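Let's take a walk through this fold together, one element at a time. Have the viewer open and follow along.

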Amino acid sequence: MTPDHGSLLYEGKAKRVFSADQPDRVLVEFKNDATAFNALKRAELEGKGRLNCQISARLFEMLEREGVPTHYLGLAAETWMLVQHVDVIPLEVVIRNVATGSLCQQTPIAAGTELSPALLDLYYKDDNLGDPLLSESRLQLLGLISSQQRLEIEQLARRVNQLLLSFFESLDLLLVDFKLELGLNRAGTLLVADEISPDTCRLWDHRNSDPQARILDKDRFRQDLGGVIEAYGEILKRVQGV
Ligand code: 5GP
């Protein structure tokens with residue numbers, strides 16, 4: 001089912017954004033397209049859009065219940081979400097609870113090292129530049145956010161990490177790391193935007209000790225492990241509590 005929507009405002013790798021009935025709201029359609037390594041690797045995965053939309057909705061609802069402001073307003077269809085219009089801050093906030101991925105490619109930190117407190121890094125969101133990691137001085141040089149906003153972003157992201165970490169833990173899932181995108185609504189409030197899904201989080205299954213079988217996130221696609229949709233389906237089942 002496709003909900004009534006206005007014109008296409010923006011098309012990204014995994015989602016399309018359309019205008020809605022009010023200027024401060026937009027409709028987001030989750031696509032089946034999967035990309036990795038800055039879109040060098042691509043595939044169409046039947047059902048991925050629905051799974052990410054539904055998983056994201058449940059996670060945004062949980063965060064809202066806990067008092068975290070997000071752009072989420074409600075589901076509009078199986079693959080569609082109604083959200084507040086925000087000016088997205090072109091930063092990717094990455095929080096890591098366990099070392100893996102690019103951290104281990106770029107530093108001598110051993111894979112699997114527990115990171116406590118969680119490591120928080122900001123990346124500049126720009127595909128053409130390959131989303132580079134920002135130092136504090138480069139962040140200041142870019143002037144994208146004030147130092148007050150920098151603090152607010154870190155506090156919000158750490159709170160989201162605590163909430164997601166315990167929520168997933170209760171579902172026998174380890175939140176290894178994840179990426180958040182944040183935006184400012186019309187009132188200037190900082191909101192969690194974009195999506196929170198196995199495309200943007202690394203999630204390992206506590207019910208499985210096999211280092212490959214326990215992966216229930218986009219690494220299955222990145223590493224050609226197969227079973228991507230089955231893994232995302234398992235995450236949806238657990239977040240829905242069924
Ligand atoms: P890494 O820096 O190790 O590649 O990624 C760290 C975490 O952030 C992973 O959970 C990964 O899925 C997420 N992440 C980082 N950059 C992106 C991105 O551009 N797109 C998506 N979907 N996730 C990202």
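Which residues in α6 are buried? Before answering, keep in mind that you're looking at a predicted model. The buried ones in α6 are V228, A231, Y232, I235, L236, R238 and V239. They cover an arc of only 165° around the axis, so they sit on the same side of α6. The general rule behind such a pattern is simple: an α-helix has 3.6 residues a turn, so residues three or four places apart point the same way.

What covers that buried side? The cover for the buried residues of α6 includes α1, α4 (147–170), β11 (173–184), β13 (201–205) and α5 (219–222). As for its geometry, α6 takes in residues 228–239, 12 residues that should span 16 Å at 1.5 Å a residue; the C-alpha atoms at its ends are 17 Å apart, which agrees. After α6 comes G241, with a positive phi near 75°.

Stay with V239 for a moment. Leaving aside residues up to four places away in sequence, V239 touches I55, R58, L59, F167, F168 and L171. V239 also shows up in the largest nonpolar core, which has 56 residues: L164, F168, V192, I196 and V239 are the members that touch the most others. There is a second, separate core as well, made of six residues, among them F18, A77, W80 and L82.

G67 follows α1, and its phi is positive, near 90°.

For a closer look inside α1, pick S56, which has its place in this helix. Is S56 buried or exposed? With a relative accessible area of 0%, S56 falls below the 20% cut-off and so counts as buried. Apart from residues up to four places away in sequence, its contacts are F30, M81, E195, I196 and S197. I196 is one of the residues named above for touching the most other members of the largest core.

What does α1 lie across? The helix lies across β3 (25–30), β6 and β7 (80–84), and runs at about 150° to β6. Those strands belong to an open sheet of five, in the order β1-β2-β3-β7-β6, with antiparallel pairing. At the edges are β1 (8–11) and β6 (72–77), each of which pairs on one side only. From one strand to the next, the twist averages 25°. At the β1 end, three bridges join β1 to β2 (residues 15–19), and the two run antiparallel. Here L8 stands opposite F18 of β2, and F18 is among the residues of the second core.

Next, find β11. Of its 12 residues, 11 are buried, so β11 is largely enclosed by the rest of the structure. It has several pairings to trace. With β8, β11 pairs in the antiparallel sense over two bridges, and D87 stands opposite L184 in β11. With β9, the antiparallel pairing runs over four bridges, and R96 faces D177 in β11. Five bridges join β11 to β13, again antiparallel, with F178 standing opposite C201 in β13. Finally, four bridges connect β11 to β12 (residues 190–193), also antiparallel, and L184 turns up again, this time opposite L190 in β12. The hairpin of β11 and β12 has five residues between the strands, and in this hairpin G188 takes a positive phi near 85°.

One last stop: P90. This proline lies in the loop between β8 (87–88) and β9 (91–98). Its relative accessibility is 28%, which is why P90 counts as partly exposed. Which residues does P90 touch, not counting residues up to four places away in sequence? They are Y123, Y124, K125 and L144. The C-alpha atoms of P90 and I145 are separated by 9.8 Å, although the two residues are 55 residues apart along the chain.

Technical notes
Residues are numbered from 1 along each chain as its sequence is written. This is a predicted model: local features need pLDDT of at least 70, side-chain atom pairs count only at pLDDT 80 or more; totals for chains, interfaces and linings use all residues. Side-chain values use heavy atoms; hydrogens and water are left out. A nonpolar core is a set of buried Ala, Val, Leu, Ile, Met, Phe, Trp, Tyr and Cys residues joined through side-chain atoms within 4.5 Å. Buried means under 20% relative accessible area, exposed over 50%, partly exposed in between (1.4 Å probe, protein chains only). Contact means heavy atoms within 4.5 Å. Two strands pair if DSSP finds at least two bridges between them. Axes are lines fitted to C-alpha atoms, for helices over the stretch in contact, and angles run from 0 to 180 degrees between N-to-C directions. The expected span of a helix is 1.5 Å times one less than its number of residues. The arc is that of the directions from the helix axis to the C-beta atoms.
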